[in-house]
Amino acid sequence: MDPGHEKALRDNRVRLVRDLQVKPIIEHLMDHGLITENKKYDILTTPLRRDQNNSFLNQLERLGPTAFPAFLEALEIEMSSKHLYDILKSTATFKEQLIEHVRTSHLHLMTEIPRVPWDETDTMDIDDIYVNLRMKKGTRGNNDFQPIESFNDLFTDTDKHNRQNAKRILVEAQAGLGKSTLVSKIAVEWARNNEKYPALSMYEVVFVISLRHITSDSSVCHNIRQLCMS
C-alpha cells in the first residue's frame, strides 16, 4: 500500500474503528479479489465490532496498492460509511495528486535519455540504454567497499555500523560513466512502482534536482516547489 494511504488510515484509525460497518466493505473487497473467504471468516467471527474493525484495518494495509482505492469506493457506496469516505478522501487527495504529478513528470521527462550531451533531441529509451552498473558500497573514511548487485542495494542497510539506512548517499565516478542516467533510472523505477526494486517503495516521493540549479537565490525547497508546480 502507498505510504500516503497508510498514513491516512493511521491518522483516522480511531474514527474508523468506532464507525466502520465492516461486513459490506469486506464483500466489496472480495468482489475485487482482495479478500478471501478465509480472511472474511477470520474477521467476522471476532466477537466485538471494534475488534472486527481493527482486524480488518490491519489486513487492509497488507493488501497492496489497489486496496485503498477499492476501500474508498466501498465507503462511498455504503451510505452508513459516507462520512468516513469524505474524511479519508480529503486526507489523501492533495497528497495523492502531488505524488501522482511527480510520478507522471518522471515518466514523461526521464524515460528518454540523450545519447550525447550536446544534442538533447537524439534520445533513446532508458530501458534500452541503461545497463546495470558495477558498483561498490561503503562508508566515507572506510576502505571496506563491497560489490552490490543493483542500485536497489544503495538504499538498504547502508550504514553498517549503525545498522540503519543512511540519510545521505554519495555516488562517485568519472564523468560519462552513467551517474545522471542512474538518477533517472531510480526516478523512473520509483514512478513505475517496480517491485524489482523494493527499496524504492520506502519513499513516498522522489524529487530529482540538478545541483547546478541550486544557487544563493534558489534553494532546494524552491526547486521542489517548482517541480510540484511545473
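User: What makes β1 and β2 a strand pair?
Analyst: Two strands pair if DSSP finds at least two bridges between them. β1 and β2 have 4 bridges, in the antiparallel sense, so they meet that rule. In one of these, Glu-112 has Asp-125 in β2 as its bridge partner. The two strands form a hairpin with 2 residues between them.

User: Before we go on, what should I know about the model and the numbering?
Analyst: This is a predicted model, where local features need pLDDT of at least 70, side-chain atom pairs count only at pLDDT 80 or more, and totals for chains, interfaces and linings use all residues. Residues are numbered from 1 along each chain as its sequence is written, and side-chain values use heavy atoms, with hydrogens and water left out.

User: Why is the pair of Phe-151 and Tyr-197 called stacked?
Analyst: Rings of Phe, Tyr and Trp (its six-membered ring) pair if their centres lie within 6.5 Å; planes under 30 degrees apart are stacked, over 60 edge-to-face, the rest tilted. Here the centres are 4.4 Å apart and the planes at 20 degrees, so the pair is stacked. Phe-151 lies in the loop between β4 and α9, and Tyr-197 in the loop between α9 and α10, so the pair ties together parts 46 residues apart in sequence.

User: And why is the pair of Phe-56 and Phe-71 tilted?
Analyst: Their centres are 5.6 Å apart and their planes at 50 degrees, so that pair counts as tilted.

User: How do you know whether Tyr-197 is buried or exposed?
Analyst: Buried means under 20% relative accessible area, exposed over 50%, partly exposed in between (1.4 Å probe, protein chains only). Tyr-197 comes to 8%, so it is buried. Phe-151, at 0%, is buried too.
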